[in-house]
Amino acid sequence: MVFTTLDSADAAEDLARSLVTEGLAACVQVVGPVRSVYRWQGEVCADQEWQLVIKTAEDRLDALTKHVHAHHSYEVPEVVAVPITDGSADYLAWVTAQTRPS
């Protein structure tokens, strides 16, 4: 599972759709808006963002990361991957099947 954030609902929807269309994600949930507080270039900032929760297979992570970097407006986009250690076998098989290149 991979997380990233974007600065608008439209940007989040566009990236979510492109990840699924390209077979890099089986499913992407758009959550938001959320409030992010962070340090950037020496200042503490607080902004409204939309979070993507991206379901993908481990072997698609590199391609997914490249896609996010290429289609993201942030200078340093968040790409945080969290391993899935267990879950519904049927669901995990579906995720894998949906992320195979066609």
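This is a predicted model: local features need pLDDT of at least 70, side-chain atom pairs count only at pLDDT 80 or more; totals for chains, interfaces and linings use all residues.

Trainee: In what order do the four strands of the open sheet lie?

Mentor: Strands of a sheet pair through backbone hydrogen bonds, either parallel or antiparallel. Here the order is β2-β3-β1-β4, with antiparallel pairing. Strands (E, at least two residues) and helices (H or I, at least four) are DSSP runs, numbered from the N terminus; two strands pair if DSSP finds at least two bridges between them.

Trainee: Which strands stand at the edges?

Mentor: β2 (27-40) and β4 (80-81) do; each has a single partner strand, so one side of each is left without a neighbour in the sheet. β4 pairs with β1 (residues 2-6) over two bridges, and Val2 has Ala81 as its bridge partner. Twelve bridges join β2 to β3 (residues 43-55), with Cys27 partnered by Lys55. β2 and β3 form a hairpin with two residues between them, and Gln41 in the turn has a positive phi of about 50 degrees.

Trainee: Is Ser36 buried or exposed?

Mentor: Buried means under 20% relative accessible area, exposed over 50%, and partly exposed in between (1.4 Å probe, protein chains only). Ser36, in strand β2, has a relative accessible area of 16% and is buried. Ser36 touches Cys45, Ala46, Asp47 and Glu49, not counting residues up to four places away in sequence; contact means heavy atoms within 4.5 Å.

Trainee: How many salt bridges does the structure hold?

Mentor: Side chains of opposite charge can pair when their charged atoms come close. A salt bridge is a side-chain nitrogen of Lys or Arg within 4 Å of a carboxyl oxygen of Asp or Glu. The structure holds two. Glu13 and Arg17 meet in one (2.8 Å, N to O); both lie in helix α1 (residues 9-21), four residues apart, about one turn of the helix. Glu13 is partly exposed at 34%, whereas Arg17 is exposed at 56%.

Trainee: Where do Asp59 and Arg100 lie?

Mentor: Asp59 forms a salt bridge with Arg100, the closest N and O atoms being 2.8 Å apart. The pair links distant parts of the chain: Asp59 is in the loop between β3 and α2 (61-70), and Arg100 is in the segment after α3 (89-98), 41 residues apart. Asp59 is exposed at 56% relative accessible area, and Arg100 is partly exposed at 33%.

Terms used: Residues are numbered from 1 along each chain as its sequence is written. Side-chain values use heavy atoms; hydrogens and water are left out.
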